[in-house]
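Welcome to this short report. Please take a look at the sequence and the structure below, and then read on for a guided walk through them.

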Amino acid sequence: MKTLVIIPCYNEEENILTVVRRLQETCPWADYLVVNDCSTDRSREILQSGGCRYLDLPMNLGIGGAVQSGYRYAEANGYDVTVQMDGDGQHDPAYLEKVVAPVAQGNLDMAIGSRFITHEGFQTSFMRRLGINFLSGLIRLLTGCRVRDVTSGYRACSKAMTAYFARHYAEDYPEPEAIICALTEGFKVGEVPVVMQERQGGVSSIRALSSVYYMVKVSLSLVIYRLSRSRKGGKR
Amino acid sequence: MSLILQIVFLLGDLVFLGLIFLLIKRDRLSVRFGMLWLIFGGVWLVFGAVPWLLKVLRGVLRFQVVSNMVFTMLLAFVLLVLLTLSVAASLAARRMRQLAQANALLEERVRRLEQQRGPDAQNEDA
C-alpha cells in the first residue's frame, strides 16, 4: 500500500526537521512530502540541507492551498493512501498505522485522528473545545453524521478521496469543510482515537482575533456547501 | 434639463467612453471588464441625447422625481460592478493558487531529476 504523508509547513523552523526525522524513524514504510508554504523563516533552508523531500510554494497559499498541493502530488504519483500531518509536532507518527488502517482496509475514505474519543493527551483550551463542539454539532445537523474532532489535521484519505481533494479543497481553515465535502459527496468518514501533543515550538496560526473570523467563515461555508449540494448517500 | 446641461452631460459621457476605448486599446483594461463600462456609458449617452426617456421611465417605475431614479440606477450599477470585481478576484485567486501549485510540483520534479542525474551531468550541461 503506497502511502504519502503530507506535512504542511509555514514558519516551522523549530519543529519541521524533528517531525520529519521522527516520521522516518517510526514509519519507514511511508513516503512523506513537506509543503513549504512560502515560509519567511529558515524552514526552506532547513528542509534543503536536511535532504528532505519538499514542495516549495512560490507564494503563501494558506493551509488549504498547501495541503491541496500535497494531494495533487499524491494523485500524480499514484499513492493509495494520503495522510495529512501537522508540521508543528502535535501529531505523533506512532499513530500513523492506526489512522491509515481503516482506509487501507477499504472501510473508510477518510479516517480522522481524534483526540476526543479516549480523551487522552493534549485536549486544547476550553474555548477551542467549545468552538469544536459547535462545529461538530453543525456538521451533525447538516449531514446527520457525528464527527467529534472536526478540526483535527491528522487524517488519512483513500485514493478516490485524494483525487477529489486534488480538485476541490477549501482555502483557509479547511478541516471542517473537507469533512462536509466528503460526506455530501458520499465518501465514508470516520474517526480513530489518537493522542496528540501540544505544539513543540513556534506559534499557532490561529490567534484570538482570528478565532471569530474562523467560526463565522467556517460555519457559513458549511451551511452554504450543504445547501448547494444534495447528498450522494451510498453512491460510493 | 437645460440645453447647456444636456451638452455638458453628452460631452462628459463621450469623454468617458473615449477613455474606456483608450484603456482597452492600450491593454490597460480587458474587453471583458470594459464591456460593462461601455454599456454604462452607452445607456447614459442615450439618456443624455433623449432626456424624455428618463421621464417616461420615472413614470413607469413610479419614482417621485427623476433625480431619485438616476441615483438609484447609479447605485445599482456600482453594486453590479463591485460584485463583478469580487467574482473576478475570487476567480483570479483560484487560478493563481492552481498556478502556484503547478509551479511547485514542476519545480520539485526538476529538482528531483537534477539530483538523480548528479552534479557531473549538470556541469556538462553548463
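## The sheet of chain A

Two strands count as paired when DSSP finds at least two bridges between them. Helices (H or I, at least four residues) and strands (E, at least two) are DSSP runs, numbered from the N terminus.

## Notes on the model

This is a predicted model, in which local features need pLDDT of at least 70 and side-chain atom pairs count only at pLDDT 80 or more, while totals for chains, interfaces and linings use all residues. Residues are numbered from 1 along each chain as its sequence is written, and chains are lettered from A and ligands numbered from 1 in the order in which they are written.

## Strand β1 and its partners

Let us start with strand β1 (residues 3-9) of chain A, which pairs in the parallel sense with two strands. With strand β4 (residues 81-84) of chain A, β1(A) forms four bridges, and T3(A) stands opposite V81(A).

How covered is strand β1 of chain A? Seven of its seven residues are buried, where buried means 20 or more other C-beta atoms within 10 Å of a residue's own, exposed means 12 or fewer, and partly exposed lies in between, with C-beta atoms placed from the backbone. In a regular strand, side chains alternate between the two faces of the sheet. T3(A), V5(A), I7(A) and C9(A) are buried on one side of β1(A), and L4(A), I6(A) and P8(A) are buried on the other.

## Helix α1

β1(A), helix α1 (residues 16-26) of chain A and β2(A) make a right-handed β-α-β unit: with the strands pointing away from the viewer, the path from the first strand over the helix to the second runs clockwise.

I16(A), V19(A), V20(A) and L23(A) are the buried residues of α1(A). Seen down the helix axis, the buried residues of α1(A) fall within an arc of 95°, so they line one face of the helix; the arc is that of the directions from the helix axis to the C-beta atoms. They pack against β1, β2 and α2 (43-49) of chain A, contact meaning C-beta atoms, placed from the backbone, within 7 Å. On the other side of α1(A), R21(A) and E25(A) are exposed.

## Helix α6

Helix α6 (residues 159-167) of chain A includes R167(A). Why does R167(A) count as exposed? Because R167(A) has 11 C-beta neighbours inside 10 Å. The C-alpha atoms of R167(A) and Q68(A) are separated by 7.9 Å, although these residues are 99 apart along the chain.

Within α6(A), M161(A), T162(A), Y164(A) and F165(A) are buried. Viewed down the axis of α6(A), its buried residues fall within an arc of 160°, so they line one face of the helix. Their packing partners are α3 (62-76), β4, β5 (110-114), β6 (155-157) and α7 (175-184) of chain A.

Terms used. Two residues are in contact if their C-beta atoms, placed from the backbone, lie within 7 Å.
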